[in-house]
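Here are my notes on the model you sent. They run as numbered points, with cut-offs given where a term comes up.

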Amino acid sequence: MKAYLSTVIPLTILLNILAQGAMEAPVPVLYFQRSGGGLRRRKRDWVIPEINVAENHKGPYPLKISQIRSNQDKLKKIFYSITGPGADQPPTNLFTVDRDSGSLFVTQQLDREEQAKYTFKAYAVAKGSGAAEEPMDIVAYVIDQNDNKPIFVQDIFLGEVAETSPKNFDVIQVVAKDLDEENSYNSDLRYRILSQEPKLPSNNLFVINPVTGFIRVNAGGLDREKYPKYTLEVQAADMGGNGLTGVAKVILTVTDSNDNAPAFTQSSVSALVAENKADVQIMKMMVTDGDEPHSPAWNAKFKIISGDPEGLFSVKTGPNKQEGILSTAKGLDFEKNNKHTLLVAVENEVPFALPLPTATATVVVKVEDVNEAPIFDPLEKLVSKREDLAVDSDVVQYTASDPDTACNQNVTYRIIRDPAGWLEVDKTTGLIKVKNAMDRESTFVKDDKYTALIGAYDNDEVPATGTGTLVIQLEDVNDNAPIIEERTIRVCNKESTPHLLSVTDKDGPGYGSPYSVSLQGTSKSKWTARMNDLKTGIILNLATELDSGQYTVVLSVSDRQGLEQDSTVQATVCDCTGAEVQCIYCVATGTDLHLILRILGGFLLLLSKLLVFLLLLIERRGVKKEPVMRDTAVSHNVVYYNEEGGGGDDQDYDLGVLHHGLDNRPEVFHNDYQPRPEPDGVAWASSQDAPWTPPW
């Protein structure tokens with residue numbers, strides 16, 4: 001036997017230790033694998049020895065379960081030991097080995113549900129010479145015993161069964177678990193019903209599938225009104241129904257079935273509703289139902305089944321689930337239809353359990369006539385007109401119709417909103433005309449469109465008002481000459497740098513660039529002006545070196561269609577060179593001269609009034625004086641351009657004349673004023689031709 005075991009490579013020794021076995025009962029002997037010499041090939045792999053130990057063995061303990069032997073125990077003194085879980089690792093000392101004999105023991109009862117197997121190593125060491133054998137793996141399997149009864153996953157199972165449920169209808173499934181070895185006889189469960197309460201109308205209303213645990217209806221007779229609840233006691237037994245048992249309760253509630261159709265309390269009703277009002281509640285339709293209150297079989301739902309092809313009405317279930325609320329989905333039109341006959345049906349949230357008739361009610365809705373506002377057609381009218389359309393010209397006739405055709409009311413018109421005040425409307429005909437000149441470039445025009453709001457009124461006791469929107473698409477005309485944006489520049493009088501002046505035109509693209517420019521008057525000899533390459537800007541520069549001072553440059557700018565306008569640019573010429581303009585001093589001309597003249601004129605006026613007051617005071621005192629001013633005539637102050645210097649000391653200047661002259665021409669700006677030479681070569685003083693220093 002020993003020689004046989006030592007030569008067979010696959011070794012599996014199974015040991016079943018019965019509870020009645022004696023301590024001296026023979027046990028299997030486990031030999032260490034013999035090492036082969038040289039390069040001898042093994043025919044098959046070594047099989048780890050297995051030991052089967054029954055759980056819950058009654059002992060006595062320690063209980064011998066196997067014998068470990070070395071192949072060299074006849075030649076040497078061998079010492080045996082084991083290591084691993086259950087030996088020298090937790091749970092420690094569960095398995096032990098006799099150091100001298102190699103007997104393997106278990107020291108206490110095993111529980112398969114705690115741990116199903118233990119794996120450890122066995123060692124054989126020769127006295128004085130070290131290891132005698134290679135370590136051997138040993139697996140100890142714990143054999144299951146039927147020591148666990150079935151346990152239901154719930155103590156009480158709750159379910160529902162409809163009173164009209166047919167036979168073999170699955171109601172609920174009960175489930176039990178067994179901790180013994182899975183798929184073994186010890187965990188093979190079977191189910192059965194132990195009792196039923198109440199036992200009416202029969203004691204076998206329900207049956208259970210012994211393998212799956214499904215409970216199903218076994219007979220008719222369920223009646224919620226008589227027996228609303230059943231309690232079943234069910235059992236699960238292992239070992240195919242012959243072993244340990246566990247019990248649980250199943251409580252089944254008999255639910256109501258929809259075996260009663262809802263019915264209207266009134267089968268025919270009528271109501272009155274004003275026209276043109278949507279989402280208005282018309283009425284509530286009440287119903288009754290014999291099923292369980294507030295259950296899906298009792299809750300009502302409504303629908304309109306005829307009489308509403310245009311979807312003018314809606315019906316929904318009220319909060320108490322036993323009323324239908326009828327409302328208008330859209331505004332009704334008295335003139336189109338003054339009476340609607342609807343057929344409304346009622347059902348439950350769940351289908352009928354039995355064939356039942358559907359209840360209906362007839363609803364007659366009468367429409368009440370109200371005064372409606374006139375309606376413009378279209379609500380927004382678009383017309384296209386030239387912006388220079390003459391005053392009192394027709395724009396469009398924009399009319400509205402009164403929906404109350406039976407009343408024969410008159411419609412009148414007026415303008416409700418006309419931001420620029422350009423329009424007027426005929427009260428009777430709705431004809432809209434131009435009241436004031438229109439302008440496409442006005443701030444009231446957006447995207448070339450001018451919008452006005454027109455009102456239409458009927459002649460009811462309480463007039464109703466309808467509105468329409470008139471949109472006028474203004475067609476552009478060339479009514480704006482181009483202008484120069486930059487009105488002031490500063491240049492050096494030597495090697496001056498050209499200035500680019502921007503040109504804009506309020507008119508549309510068809511009347512704008514390319515622009516053209518020309519210098520006017522004496523500006524031609526002192527300045528040069530030309531358009532840039534894009535014909536959208538003016539390049540202005542000095543033509544000759546000028547004395548430092550203020551100059552007014554007059555330029556005539558025209559658009560692509562030749563509409564032109566003079567524009568002035570106030571140029572400050574400084575005594576410097578190149579692009580960096582530095583003015584050391586400036587001569588007071590232009591705007592500064594105008595301001596000085598006004599101040600001096602005001603001062604002289606005040607002085608003259610003071611003198612008049614003094615003269616009157618002297619006359620009242622009877623003192624006769626020579627008049628202060630013998631000649632009241634105003635002498636003209638002229639400047640001869642061909643005069644050289646002088647003139648300031650021998651001329652009597654009346655500044656009030658200059659002041660009075662400019663005040664009488666408010667349309668002439670100081671930097672737009674152009675002198676016109678007189679035939680005798682004399683001209684009024686101006687800042688256009690050369691710097692002008694006041695004679696004082």
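1. Contacts along the chain. Residues 24 or more positions apart account for 67% of the protein chain's contacts with a separation of 6 or more. Contact here means heavy atoms within 4.5 Å. This is a predicted model, in which local features need pLDDT of at least 70, side-chain atom pairs count only at pLDDT 80 or more, and totals for chains, interfaces and linings use all residues. Residues are numbered from 1 along each chain as its sequence is written, and side-chain values use heavy atoms, with hydrogens and water left out.

2. Overall make-up. The protein chain has 4 helices and 45 strands. Both are DSSP runs numbered from the N terminus: helices are H or I with at least four residues, strands are E with at least two. Of its 696 residues, 38% count as buried. Buried means under 20% relative accessible area, exposed means over 50%, and partly exposed lies in between (1.4 Å probe, protein chains only). The accessible surface comes to about 39,700 Å². Carbon and sulfur atoms hold 51% of that surface. The areas come from the Shrake-Rupley method with a 1.4 Å probe; for residues, only the protein chains shown count as cover.

3. The largest nonpolar core. This core has 27 residues. A nonpolar core is a set of buried Ala, Val, Leu, Ile, Met, Phe, Trp, Tyr and Cys residues joined through side-chain atoms within 4.5 Å. Which members touch the most others? They are I68, I82 and F95. Several strands each supply at least two core residues: β2 (50-54), β3 (63-69), β4 (78-83), β5 (95-97), β6 (103-106), β7 (117-126) and β9 (136-143). β7 gives the most, with 5 residues.

4. Around I68. Leaving aside residues up to four places away in sequence, I68 touches L30, F32, Y80, I82, V97, S101, G102, A122, M136 and I138.

5. Disulfides. There are 2 in the structure. A disulfide is a pair of cysteine sulfur atoms within 2.5 Å. Counting bonded cysteines along the chain, the pattern is 1-3, 2-4.

6. C492 to C576. The S to S distance is 1.9 Å. The link is left-handed, with -100° about the S-S bond. C492 sits in strand β37 (residues 488-494) and C576 in strand β43 (residues 564-577), so named by DSSP run. The two cysteines are 84 residues apart, and the bond links distant parts of the chain. Both are buried.

7. C574 to C583. Here the S to S distance is 1.3 Å.

8. Salt bridges. The whole structure holds 17. A salt bridge is a side-chain nitrogen of Lys or Arg within 4 Å of a carboxyl oxygen of Asp or Glu. D144 pairs with R112, their closest N and O atoms being 3.2 Å apart. D144 lies in the loop between β9 and β10 (151-152) and R112 in the loop between β6 and β7, so the bridge ties together parts 32 residues apart in sequence. D144 is buried at 9% relative accessibility, and R112 is buried at 14%.

9. Partly exposed pairs. E197 and K199 meet at 2.4 Å, N to O. E197 has a relative accessible area of 42% and is partly exposed; K199, at 40%, is partly exposed too. K494 and D575 meet at 2.5 Å, N to O. K494 is in strand β37 and D575 in strand β43, 81 residues apart. K494 is partly exposed at 28%, as is D575 at 43%.

10. A salt-bridge network. Which residues are linked in a network of salt bridges? R440, E441, D448 and D476 are.

11. A nonpolar surface patch. F603, L604, L607, L610, L611, F613, L614 and L617 form it, with about 710 Å² of accessible area together. Patches are made of residues with over 30% relative accessible area and no salt bridge; like charges are joined within 9 Å, nonpolar side chains (Val, Leu, Ile, Met, Phe, Trp, Tyr) within 5 Å. F613 is found in helix α3 (residues 591-620).
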